[in-house]
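Dear colleague,

My findings follow it, grouped by topic.

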Amino acid sequence: MAAQSKVLSTNDPILSLYRHYRLRAQKLLDRVPRSARLIATLSLLFSIIFSAYGGQRWWKRHTAQKLEERKLLRRNSGLKSKDGSRTIFVPYKNTTARVKIYPTKATTFDAHRRLFLQPPRVAGLGDGTKTPQVPPPQTKPGLNLAFLHQFLSLLSIMCPRWRCKETGLLASHGLFLLLRTYLSLVVARLDGEIVRDLVAANGKAFLLGIAKWCGIGAVASYTNAMIRFLQSKISIAFRTRLTRYIHDLYLSDNLTYYKLHNLDGGIPGADQLITNDLTTFCASASSLYSNIGKPLVDLFVFNYQLYRSLGPIALSGLLGNYFLTATLLRRLSPPFGKLKAVEARKEGEFRGLHARLLANAEEIAFYGGGPREKVYLDQGFRDLKGWMEGIYTLKIKYNMLEDFILKYSWSAFGYLITSLPVFVPAWGALASSGHTSSTPTSRMQSFITNKRLMLSLADAGGRMMYSLKDLAELAGSTSRIYTLISTLHRVHASAYHPSLTNTTHPELFSLADVQGTIHKGFDGVRLEQVPIVAPALWPQGGNELIDEVSFIVHPGEHLLITGPNGVGKSAIARIVAGLWPTYRGLVSRPRKTGTDGIMLLPQRVYLSTGTLRDQVIYPHTEVDMKEAGRRDRELVSILEDAKLGYMPDREGGWDTRKDWKDVLSGGEKQRMAIARLLYHEPRYAFIDEGTSAVSSDVEGLMYEVCKAKGITLVTISTRASLKRYHNFALNLGDGAGGGGGSGFVGEGYGYTIQRIGTEEEKMGVEKELAELRKRLGMVEEWRARREAIERELREDVLVSGGQYLAPPEYVEEENVGQVKTKAVEEADEVQLELQTKVDVQHGDGVGEVLEVVGHKVVENETV
């Protein structure tokens with residue numbers, strides 16, 4: 001047994017090969033000098049040591065990076081680079097994946113603006129004006145040059161360059177489509193061979209053909225799966241490109257997201273377009289590549305094969321059939337593009353009704369308006385349902401015609417074409433080949449092969465015809481997405497021209513009539529001859545509230561803006577923030593928004609999604625806070641100053657996530673806004689009714705804290721008690737026109753501005769006190785008027801029949817109650833205003849007036 005084992009091991013080819021190369025290596029090593037071998041050994045040793053050290057360091061960095069990525073993933077944060085790109089982390093299997101997002105460059109927007117705002121006239125998007133309206137009202141979605149221009153413009157966004165991810169996906173998709181076409185040819189030939197062997201009773205060749213069939217089937221299954229997978233990847237890639245492009249336009253520094261809905265009004269439901277319609281468009285665009293490209297290749301390949309098998313007469317018949325079918329379906333096809341666009345618009349309107357209901361659920365519940373809102377929702381759904389039913393009714397007739405032509409008529413025509421070599425050999429290619437056998441088995445093989453080719457050709461032609469309907473629907477979604485991006489470009493670039501309204505001169509105070517200047521970089525807030533205008537949706541002109549306003553706020557000079565409702569107090573904040581246009585004059589403000597700049601607190605406090613920490617530092621993220629060197633202990637101090645120190649313990653810590661708009665009360669929301677102001681510490685701050693739900697004592701403490709931090713306050717409020725925290729008062733709606741105001745000009749209001757605490761202001765207060773005393777003296781006149789009414793009511797009224805009409809029982813009580821209520825309300829109002837003046841001015845001689853007021857109130861209540 002040992003000898004036998006030795007013989008076997010000696011003759012083992014693998015062992016012999018190993019010995020051969022080992023001997024060659026030994027001979028080569030023997031030729032190397034001893035010093036060279038020593039150097040090689042030391043080099044190998046050092047390389048192993050340094051590789052191990054480098055691998056250990058890499059592993060530590062990798063572990064720390066993964067830990068940081070998991071933290072950022074939990075906090076929904078990312079990393080910002082110097083080039084403006086942002087790195088975010090998303091969950092992937094059991095770890096995290098890094099995604100780097102690059103912002104769209106301003107030069108790209110400038111290059112694309114001519115595609116979306118200045119399309120060529122041949123595209124049919126112009127309306128004869130110098131600056132065409134995009135899209136013009138007369139342009140309807142359909143298969144025309146306008147659709148071609150719109151799709152190519154969007155394609156320049158989806159595939160920005162040749163060497164991009166989307167181009168690689170399209171190339172891979174195209175290769176698999178060609179592979180499937182080749183496999184269809186192979187299957188057609190193999191089908192004919194299998195039937196031939198079956199008829200000839202050739203069992204060995206038949207089994208070999210079945211084995212080939214299974215192998216080709218496995219490859220074809222993988223090819224079909226990859227085609228569907230790549231089509232989905234292309235759809236996601238297209239949507240990613242378009243979504244990022246739209247977000248960069250929509251959420252730009254030009255406040256496009258605000259101006260689009262409140263100033264432009266060209267897109268009523270941008271959320272529907274960005275979410276639903278964009279998904280539909282990308283899915284249709286990705287399927288278009290396979291629904292048109294693949295059938296087109298199949299038509300050329302299969303027609304060539306049938307030409308070789310059936311001859312030129314059959315090819316001419318096929319081409320005539322294609323032309324006749326396309327013409328018939330094109331003429332009888334409904335306008336699917338327009339129908340799809342209207343359906344998407346109605347879907348957006350119905351979705352907007354539900355969004356409005358969710359946004360105002362509490363107010364509607366207080367009013368008990370559920371039944372009324374149900375009527376609106378039912379009406380919106382009925383409109384959508386009626387339109388969709390109309391589309392389905394149109395599709396019934398078209399689908400009947402389409403199925404009959406593409407399935408049954410083409411199949412019958414295919415049988416006629418494939419029978420030509422059998423019944424009329426002189427017309428086919430079988431007679432011209434010269435060496436082709438006319439045995440039944442060969443004719444069977446040729447018929448099965450041609451039949452398979454005809455079936456594949458019919459399928460390709462059917463998909464081409466079906467794609468006409470898909471193209472029409474794609475034209476509708478393309479028009480909506482193109483309109484969205486065109487409108488975003490118009491708002492982003494403020495490209496409003498009088499020619500868009502077919503007029504030579506812009507309408508007064510419209511978006512085409514903006515002539516003012518905004519200066520950023522000024523250490524203060526300044527308005528010079530700026531009209532306060534409430535803008536209207538384009539192209540209408542706005543409503544002028546105040547003719548011109550001029551004032552300047554320097555550091556440390558706190559300004560209080562007061563006035564009646566609707567006079568334009570909040571409009572000043574909107575103009576300074578850039579939300580409303582500066583139609584005339586000059587607006588100067590700091591360059592930055594936030595720290596060391598300017599910050600504006602609106603009337604409605606916005607609470608973002610995220611942790612309690614995110615509510616305090618908004619719009620910063622936790623990463624921004626740490627980069628600025630801020631810590632949670634500073635946030636605790638800030639909440640203490642805003643009288644919200646109990647919030648972290650009550651809500652469960654800084655990392656607690658809740659729906660904060662429902663958790664916090666109205667006063668807590670306003671104090672949270674003050675906490676944001678204290679966190680960012682801007683040099684200037686606009687507070688628009690930011691403390692209306694806060695008590696006076698807490699309000700005063702927060703104002704003192706803001707002033708102590710060096711924040712110059714510009715407050716918009718009707719509370720006279722806030723004067724003690726400001727240096728100047730800007731009174732809007734005053735027709736006197738003092739202090740640089742212009743009084744009443746047309747329908748506009750005037751204004752006055754004066755320093756608080758001066759002799760002039762004290763004289764104004766005395767004037768108001770005198771007016772209040774005058775109104776208080778009218779109580780006796782009201783009492784006399786009440787007595788006169790009572791006497792008239794007590795007089796008898798003569799009616800027909802010589803009888804007197806008795807007064808109703810409620811008349812006396814009602815009239816007396818009206819007079820009493822009016823007197824009490826007037827006296828209460830006088831007392832409240834006088835008490836406010838006392839709190840602000842601490843003037844002398846007011847106590848006597850208050851005593852008179854109290855006496856009158858008691859007297860009227862007694863009456």
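**Helix packing**

Helices α4 and α5 are roughly antiparallel to each other, because their axes cross at roughly 165° and angles over 145 degrees count as such. Please note that the model is a predicted one. Helix α4 covers residues 106-117 and helix α5 residues 145-158, and their axes come within 10 Å. The crossing in which α4 passes α5 is left-handed.

Helix α17, residues 569-577, is largely enclosed by the rest of the structure, because seven of its nine residues are buried. These buried residues are Lys569, Ser570, Ala571, Ile572, Ala573, Ile575 and Val576. After α17 comes Gly578, which has a positive phi near 90°.

**Salt bridges**

The count of salt bridges comes to 20. Three of these pairs are described here in turn.

Arg241 and Glu166 form a salt bridge in which the closest N and O atoms are 3.1 Å apart. This pair links distant parts of the chain, with Arg241 in helix α7 (residues 203-250) and Glu166 in helix α6 (residues 165-199), 75 residues apart. Arg241 has a relative accessible area of 27% and is partly exposed, while Glu166, with a relative accessible area of 5%, is buried.

A salt bridge also joins the side chains of Arg490 and Asp264, at 3.0 Å from N to O. Arg490 belongs to helix α16 (residues 440-493) and Asp264 to helix α8 (residues 256-264), so this pair ties together parts that are 226 residues apart in sequence. Arg490 and Asp264 are both buried.

In the salt bridge between Glu668 and Arg650, the closest N and O atoms are 3.0 Å apart. Since Glu668 lies in helix α23 (residues 666-680) and Arg650 in helix α21 (residues 647-651), the pair ties together parts that are 18 residues apart in sequence. Glu668 counts as buried because its relative accessibility is 6%, below the limit of 20%. Arg650, by contrast, is partly exposed, its relative accessible area being 41%.

**Backbone geometry**

Most residues other than glycine have a negative phi, and most peptide bonds are trans. Some sites in this model deserve mention against that background.

The peptide bond between Tyr618 and Pro619 is cis, with omega about 10°. Pro619 is placed in the loop between α18 (612-617) and α19 (622-627).

Gln529 is not a glycine, but its phi is positive, near 50°; this residue is in strand β5 (residues 525-534). Asp596, also not a glycine, has a positive phi of about 60° and is located in the loop between β8 (586-589) and β9 (598-601).

**Surface and a loop residue**

Leu38, Leu42, Leu45, Phe46, Ile49 and Phe50 make a nonpolar surface patch of about 620 Å². Of these, Leu38 lies in helix α3 (residues 34-74) and counts as exposed, with a relative accessibility of 53%.

Val694, in the loop between β10 (684-688) and α24 (696-708), counts as buried at 5% relative accessibility. Its C-alpha atom is separated by 8.4 Å from that of Gly666, and the two residues are 28 residues apart along the chain.

With kind regards

Terms used
Residues numbered from 1 in each chain as written. Predicted model: local features only at pLDDT ≥ 70, side-chain atom pairs only at ≥ 80, totals over all residues. Heavy atoms only, no water. Patch = residues over 30% accessible without salt bridge, like charges linked within 9 Å, V, L, I, M, F, W, Y side chains within 5 Å. Areas by Shrake-Rupley, 256 points an atom, 1.4 Å probe, with all protein chains shown as cover. Salt bridge = Lys/Arg side-chain N within 4 Å of Asp/Glu carboxyl O. Helix = DSSP H or I, 4+ residues; strand = E, 2+ residues; numbered from the N terminus. Buried < 20%, exposed > 50% of the residue type's maximum accessible area, 1.4 Å probe, protein only. Axes fitted to C-alpha atoms, helices over the stretch in contact; angles between N-to-C directions. Parallel < 35°, antiparallel > 145°, perpendicular 65-115°, else oblique. Left-handed = near helix turned anticlockwise from the far one by under 90°.
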